[in-house]
Amino acid sequence: MNNFKTLLVLTALSLALAILFFYYPQIIVPWPYGTFTFLFVMLVCFWTAFRLNPKSPEMMQFPQVSSRIATLKKYFMVMGLFFFFDGIAHVAIPALYPYDIIASHMHTFSHAIFFIGNALIIRIPVSFMNTRWVNPASWLMLALGAVTVIWRLIHTDKLLYIFGPENPPIVATDQMSGLFFLAANTIGLIIPGFYLIYRGLKVGDFIARSRAVFLGSGMVVFFSVGPVIDLLHNQYTQLVIHLLLAVAFFLMGASALYKETEIVTEKSSQPNV
């Protein structure tokens, strides 16, 4: 089984288990539902990063393609770390040690890592716009991250028992932090994501077109997780979050793993990232 099919099977299995655990939560008791979500996405990120090899002898013959794969490898490694620490903030601390300040600082730390991830992934779509904009785009993401982290160290999160005292609380951010996240994700995910989809649909080569659409679609779907967390506070929230994260990281992983043996045979020029 090749890497793309393995990723597809992992994603399909996680979607099936997510639905099963949602309707029959007693299966995973005493573990909170979110434990499964964060573990799965972290696994996919680290596994995808491990499978990407931008320095293989074949890949090194095509420096532009190798550079793009190297960027994706770094991104998946960083996001694996993000989901590990964000899982502690959203699941472990509220369930085991529910103190506002501890959950807030862990949440802030995880999102500092998240902004590093945004600074990496934005390089790929921006490189197709203008290669001179690649580094400024990354620095913009890091600057937004720094401002957000400073703000959040002053204005900390709160733990809210919106599902009753018998259930673990959720981490609630202040409105300005939410606006910082929205601005960063709009610039770093949804705009470049839609651009990649638009650019990819104009490419004649099917494999190159598929990879561009996969990555762009994954970025757009990943963006949608934030509004769901902020706006959808009911019994379906955790299930929807899992479904969106699973689909988003399948698509982004597929952008590198789909027909990976043919990656060095693409005729279209790929910008350095």
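**Exercise 1. How are H2 and H9 oriented relative to each other, and which residues make the contact?**

Step 1. Start with the geometry: in this predicted model, the axes of H2 and helix H9 (residues 237-257) come within 10 Å and cross at roughly 5 degrees.

Step 2. Now classify the angle. Angles under 35 degrees count as roughly parallel, so H2 and H9 are roughly parallel to each other.

Step 3. Look at who touches whom. On the H2 side you'll find Tyr33, Gly34, Phe36, Thr37, Phe40, Val41, Val44, Cys45, Trp47, Thr48 and Arg51. Their partners in H9 are Gln238, Leu239, His242, Leu245, Ala246, Phe249, Gly253 and Leu257.

**Exercise 2. Work out the orientation of H4 and H6, then describe their contact.**

Step 1. Helix H4 spans residues 100-121 and helix H6 spans residues 134-154; their axes come within 8 Å and cross at roughly 170 degrees.

Step 2. An angle over 145 degrees counts as roughly antiparallel, and therefore H4 and H6 are roughly antiparallel to each other.

Step 3. H4 brings Ser104, His105, His107, Thr108, Ala112, Phe115, Ile116, Asn118 and Ala119 to this contact. They meet Ser138, Met141, Leu142, Leu144, Gly145, Thr148, Val149, Arg152 and Leu153 in H6.

Step 4. The tally for this contact is 9 nonpolar, 8 polar and 1 charged.

**Exercise 3. Arg152 is in a salt bridge: which residue is its partner, and are the two buried or exposed?**

Step 1. Count first: the structure holds 1 salt bridge.

Step 2. Arg152 pairs with Asp157, and their closest N and O atoms are 2.6 Å apart.

Step 3. Check accessibility: both Arg152 and Asp157 are buried. Arg152 also turned up in Exercise 2, among the H6 residues that meet H4.

**Exercise 4. Characterise two aromatic pairs, Tyr75 with Phe76 and Trp151 with Phe180.**

Step 1. A quick reminder: a pair of aromatic rings is described by the distance of the centres and the angle of the planes. The structure has 23 aromatic pairs.

Step 2. For Tyr75 and Phe76, the centres are 5.8 Å apart with 70 degrees between the planes, which makes the pair edge-to-face. Tyr75 counts as buried at 0% relative accessibility, and Phe76 is buried with a relative accessible area of 0%.

Step 3. Trp151 and Phe180 are edge-to-face too, at 6.1 Å centre to centre and 70 degrees between the planes. Trp151 lies in helix H6 and Phe180 in helix H7 (residues 175-201), so this pair ties together parts that are 29 residues apart in sequence. Trp151 is partly exposed, with a relative accessible area of 26%.

Step 4. Zoom out to the cluster: ring pairs link Phe38, Tyr75, Phe76, Phe82, Phe83, Phe114, Phe115, Phe181, Phe222 and Phe249.

Note on methods
Residues are numbered from 1 along each chain as its sequence is written. This is a predicted model: local features need pLDDT of at least 70, side-chain atom pairs count only at pLDDT 80 or more; totals for chains, interfaces and linings use all residues. Side-chain values use heavy atoms; hydrogens and water are left out. Axes are lines fitted to C-alpha atoms, for helices over the stretch in contact, and angles run from 0 to 180 degrees between N-to-C directions. Helices (H or I, at least four residues) and strands (E, at least two) are DSSP runs, numbered from the N terminus. Angles under 35 degrees count as roughly parallel, over 145 as roughly antiparallel, 65 to 115 as roughly perpendicular and the rest as oblique. Contact means heavy atoms within 4.5 Å. Ala, Val, Leu, Ile, Met, Phe, Trp, Tyr, Cys and Pro count as nonpolar, Asp, Glu, Lys and Arg as charged, and the others, Gly among them, as polar. Rings of Phe, Tyr and Trp (its six-membered ring) pair if their centres lie within 6.5 Å; planes under 30 degrees apart count as stacked, over 60 as edge-to-face and the rest as tilted. Buried means under 20% relative accessible area, exposed over 50%, partly exposed in between (1.4 Å probe, protein chains only). A salt bridge is a side-chain nitrogen of Lys or Arg within 4 Å of a carboxyl oxygen of Asp or Glu.
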